[in-house]
Amino acid sequence: MELEQVPAKTMLSRTKSSAWFGYDYTLNLYRGCCHGCIYCDSRSACYQVEDFDRVRCKKDALPILEKELRSKRLHGVIATGAMSDPYNPFERELCLSRGAAELIARYGFGMAVTTKSSLVVRDIDLFRQIGERAPMLCKLTITTCDDALCRKIEPHVSVSSARFAAVEALAKAGIFTGVLMTPVLPFLEDTEDNVRGIVRAAADCGAKFVYALFGMTLRQNQRDWYYRKLEQQFPGQGLSARYRQRYGDRYSCQSPRAKQLYALFRQECDRYGLLYRMQDINAAYRGAHLPVQQSFLYYL
């Protein structure tokens, strides 16, 4: 499959802090995303991704990645899926994410994958190899239990039910897997039924954790795009006007019901034995592969 290539000098970026899911490095093999999620923060002007909906790949991505992996002294956790989904439709043929996983396994690094695609189950064999020597984490972003609503806010991704099925397949294969329930869109997804439904479904699928943030971010051109999509997908409901009235130009748009929803969320996670605090998730998936002194830090 022919896909436009963009030049790249490096593939790995060192993170400033490993607090967010224990990442040490980030990896983006693709530029742009074709999922069409109406709320995507990566569309923001600050990331300088022109024509964001058009997917491009990094030129010589795998040779550059291998060179960097050979030279790194710190064998930490490499995160993929921050700026663009590593399992976009082009990945089925290009196999850049699979190639990266092969290299990560070969050189003994850990890996943390974030995706909205059921294609991720294709690489279970490599995730298991990585997990034998280093931390391995899979996160499926799922913010609604309703496939119909999913189609409106995430038009080109695997529907929520397919992502729950992927969670189940990964969990059954022994991969430390959970659900990323963020963003939870105010006035659309911030309901008690939705919270209960996602937590219950995650537990039924064998997930180890659910991590939630009850709200979203809006900035620069992302905000204008989101409001236009609200009017197109939910005509006559006045949603964009509600956002403008409540949030103005704020970056952080927390759900008006965030406090009560988080209390319910914690209660449901405790009920089903799911982890939900960041430090507990990090300690659980990284702990077996870290010296005692280092793993202790994740409880602070």
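# Exercises on a predicted chain

At 19% relative accessibility, R98 counts as buried, since buried means under 20% relative accessible area, exposed over 50% and partly exposed in between, with a 1.4 Å probe and protein chains only. Before we start, note that this is a predicted model, where local features need pLDDT of at least 70, side-chain atom pairs count only at pLDDT 80 or more, and totals for chains, interfaces and linings use all residues. Residues are numbered from 1 along each chain as its sequence is written, and side-chain values use heavy atoms, with hydrogens and water left out.

## Exercise 1: R98 and its helix

Task: Find the helix that holds R98, and list the contacts of R98 beyond its neighbours within four places in sequence.

Solution. 
- Step 1. R98 belongs to helix α3; helices (H or I, at least four residues) and strands (E, at least two) are DSSP runs, numbered from the N terminus.
- Step 2. Helix α3 spans residues 96–106 and is mostly covered, with nine of its 11 residues buried.
- Step 3. Those buried residues are L96, S97, R98, G99, A100, A101, L103, I104 and A105.
- Step 4. With neighbours within four places in sequence set aside, R98 is in contact (heavy atoms within 4.5 Å) with E91, R122, D123, D125 and L126.
- Step 5. Just after α3, G108 has a positive phi of about 75°.

## Exercise 2: a covered strand

Task: Work out which residues of β8 point one way and which the other.

Solution. 
- Step 1. Strand β8 covers residues 136–141, and six of its six residues are buried.
- Step 2. In a regular strand the side chains alternate between the two faces of the sheet.
- Step 3. M136, C138 and L140 point one way from β8, while L137, K139 and T141 point the other way.
- Step 4. Strand β7 (residues 110–115) pairs with β8 in the parallel sense over five bridges; two strands pair if DSSP finds at least two bridges between them.
- Step 5. Across this pairing, T114 stands opposite K139 in β8.

## Exercise 3: a loop residue

Task: Is N88 buried or exposed, and which residues is N88 in contact with?

Solution. 
- Step 1. N88 sits in the loop between β6 (77–80) and α2 (91–94).
- Step 2. Its relative accessibility is 1%, so N88 counts as buried.
- Step 3. Leaving aside neighbours within four places in sequence, N88 is in contact with Y30, H35, V55 and L119.
- Step 4. N88 and H156 are 68 residues apart in sequence, yet 9.5 Å apart in space, C-alpha to C-alpha.

## Exercise 4: the whole chain

Solution. 
- Step 1. The protein chain has 12 helices and 12 strands.
- Step 2. Buried residues make up 54% of the 300 residues.
- Step 3. Of the contacts with a separation of 6 or more, 78% are between residues 24 or more positions apart.
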